[in-house]
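Subject: Handover of a structure and the findings from it

Dear colleague,

Please find the structure below, together with its sequence. I would be grateful if you would read the notes that follow with the model open beside them.

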Amino acid sequence: MKCMKCGNCQEVCPIYLEVRREPTVARGKIKLVEAVLDEKLAYRIGDGFAEKLALCLTCKACNAKCPCGVKVDKIILAARSAIAREKGLHPIKRMIFSVLKRGGLFDLGLRTGALLQGLAFKKHPTLFAGSPRFPVGLDMRRVVPPLASTPLRQQFPKEIKVQNPVKRVALFTGCVMNYVYTDQGKAIIDVLKENNVEVVIPEGQLCCGAPVYIHGDVGTAREMAKANIDAFSPEKFDYLVTACGTCGGSWQHYYQELLAEDKEGYGDKAGEIGKKTLDIADFIVKMIGLDPKKLGPVERTVTYHDPCHLNRGMGVSKSPRDILKAIPGLTFKEMKNADRCCGGAGSFSLTHYDLSMDIHKHKTEAIKATGASQVVTGCGACRMQLTDGFNRGNVNLEIVHTIMLLAESYRNRK
């Protein structure tokens, strides 16, 4: 009801800017939802309504632009949930989500995949990625980073002690950092140790559940939220630290929304942990501080891509830049529209690959225009999407997490 159909969302919606069709923009989707609620449109008849609601990156750009404060993403998630209840989930989604909530089975599957990935993927000649040898549920033009031979959580003990700790944090690894980009996980632990921060990595943690929630399976997302709360609640920590805006946003917002009416007290637990959840860049800048005496030179030119859920979901934009600007020898070049979505949005790039790449090409061009020799971001999923986009655009640049550069600076200290 708050949406006055002004159309300001058209200016910032990455999908609308590519396809220029009214049902793809926030205003159009809200109109469709209104029609369903007023029983002017029965989405039970066909899949058209569901297909239109799937055309959203949940990048929250429309939320930030809306003069009326409409939370468009909440409307879209509620509509997707209604569709899932009414029509049921696609069998493949149902199978994937059932595996995600079974941590042991999910772990076994990815560790097995790491052993066999050479059979299905061939290495890219320049990028840290591989391309399919044959159809494996991926577009044959796509490149993906390899699975780590050993997941991050298996490389470290549950508790990482330091002398005279100034803080104690619980590290939520998420899926991408645990199974793919273990380099950024190691960098985070190195940086925390460098700053006398004790780390606990709770056992039993699952995927954050956001992909499940975003696709409308609220029941499974609720189960996963409870499982993660059970894994972290017994531990003593000052802050829960994440390295992904989607994971951090789940702890800060989604879990409280999912469990608000829970009768077993999980809503209160979610609220308590949510208040202590910080992105690693915010934690370093705001809770620890950057000591120039600890920093060594890193001689290169970099630019920074703002992940949507980190920037607009968690409100983290300044801290990563503060870290980059504090590193001696580092030249930071701001790219045009740094906060524009890269087009990945989790599984969106799987189900709408061509559209995802059409959105991403603007990001590639903006990065090239900076003349940077390295790209920095705060999200593993964005690293994956940027790598795939660079392959399509014949760009050969390394993509790293913000904290990896900070760890490098510490190592270069004289």
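A residue is called buried when its relative accessible area is under 20%, exposed when that area is over 50%, and partly exposed in between. Lys-5 has a relative accessible area of 26% and is therefore partly exposed. Please bear in mind throughout that this is a predicted model.

Salt bridges

Side chains of opposite charge can pair when their charged atoms come close. How many salt bridges does a search of the whole structure find? The total is 27. Three of these pairs are described here.

In one of them, Lys-5 is paired with Glu-34, and the closest N and O atoms are 3.4 Å apart. Glu-34 has a relative accessibility of 24%, so it counts as partly exposed.

Another salt bridge is formed by the side chains of Glu-198 and Lys-161, at 4.0 Å from N to O. Distant parts of the chain are again linked: Glu-198 sits in strand β5 (residues 197-200), Lys-161 in the loop between β3 (159-160) and β4 (167-171), and the two are 37 residues apart. Are these two residues buried or exposed? Glu-198 counts as buried because its relative accessibility is 10%, whereas Lys-161, at 55%, counts as exposed.

The side chains of Glu-408 and Arg-300 also meet in a salt bridge, at 2.7 Å from N to O. Here helix α20 (residues 402-411), which holds Glu-408, is linked to strand β8 (residues 300-305), which holds Arg-300; the partners are 108 residues apart. With a relative accessible area of 18%, Glu-408 is buried, and Arg-300, at 23%, counts as partly exposed. Elsewhere, salt bridges with shared partners connect Glu-159, Lys-161, Arg-168 and Glu-198 in one network.

A pair of helices

Two packed helices are described by the angle between their axes and the distance between the axes. The axes of helix α11 (residues 218-232) and helix α13 (residues 266-275) come within 10 Å and cross at roughly 60°. The crossing of α11 past α13 is left-handed. On the α11 side, the contact is made by Lys-226, Ile-229, Asp-230 and Phe-232; on the α13 side, by Tyr-266, Lys-269, Ala-270 and Ile-273.

Two buried serines

Ser-81 belongs to helix α5 (residues 72-87) and counts as buried because its relative accessibility is 8%. Leaving aside residues up to four places away in sequence, Ser-81 touches Gly-216 and Val-218. The C-alpha atoms of Ser-81 and Glu-18 are separated by 26 Å, and these residues are 63 residues apart along the chain.

Ser-131 is part of strand β2 (residues 130-132). At 15% relative accessibility, Ser-131 is also counted as buried. Which residues does Ser-131 touch, not counting those up to four places away in sequence? They are Ala-120, Phe-121, Lys-122, Arg-142 and Val-143.

A nonpolar surface patch

On the surface, Ile-92, Met-95 and Ile-96 make up a nonpolar patch, and together they have about 290 Å² of accessible area. Ile-92 is located in helix α6 (residues 91-100).

With kind regards

Technical notes. Residues are numbered from 1 along each chain as its sequence is written. This is a predicted model: local features need pLDDT of at least 70, side-chain atom pairs count only at pLDDT 80 or more; totals for chains, interfaces and linings use all residues. Side-chain values use heavy atoms; hydrogens and water are left out. Patches are made of residues with over 30% relative accessible area and no salt bridge: like charges are joined within 9 Å, nonpolar side chains (Val, Leu, Ile, Met, Phe, Trp, Tyr) within 5 Å. Accessible areas come from the Shrake-Rupley method with a 1.4 Å probe; for residues, only the protein chains shown count as cover. Helices (H or I, at least four residues) and strands (E, at least two) are DSSP runs, numbered from the N terminus. Buried means under 20% relative accessible area, exposed over 50%, partly exposed in between (1.4 Å probe, protein chains only). Contact means heavy atoms within 4.5 Å. Axes are lines fitted to C-alpha atoms, for helices over the stretch in contact, and angles run from 0 to 180 degrees between N-to-C directions. A crossing is left-handed if the near helix is turned anticlockwise from the far one by less than a right angle, and right-handed if clockwise.
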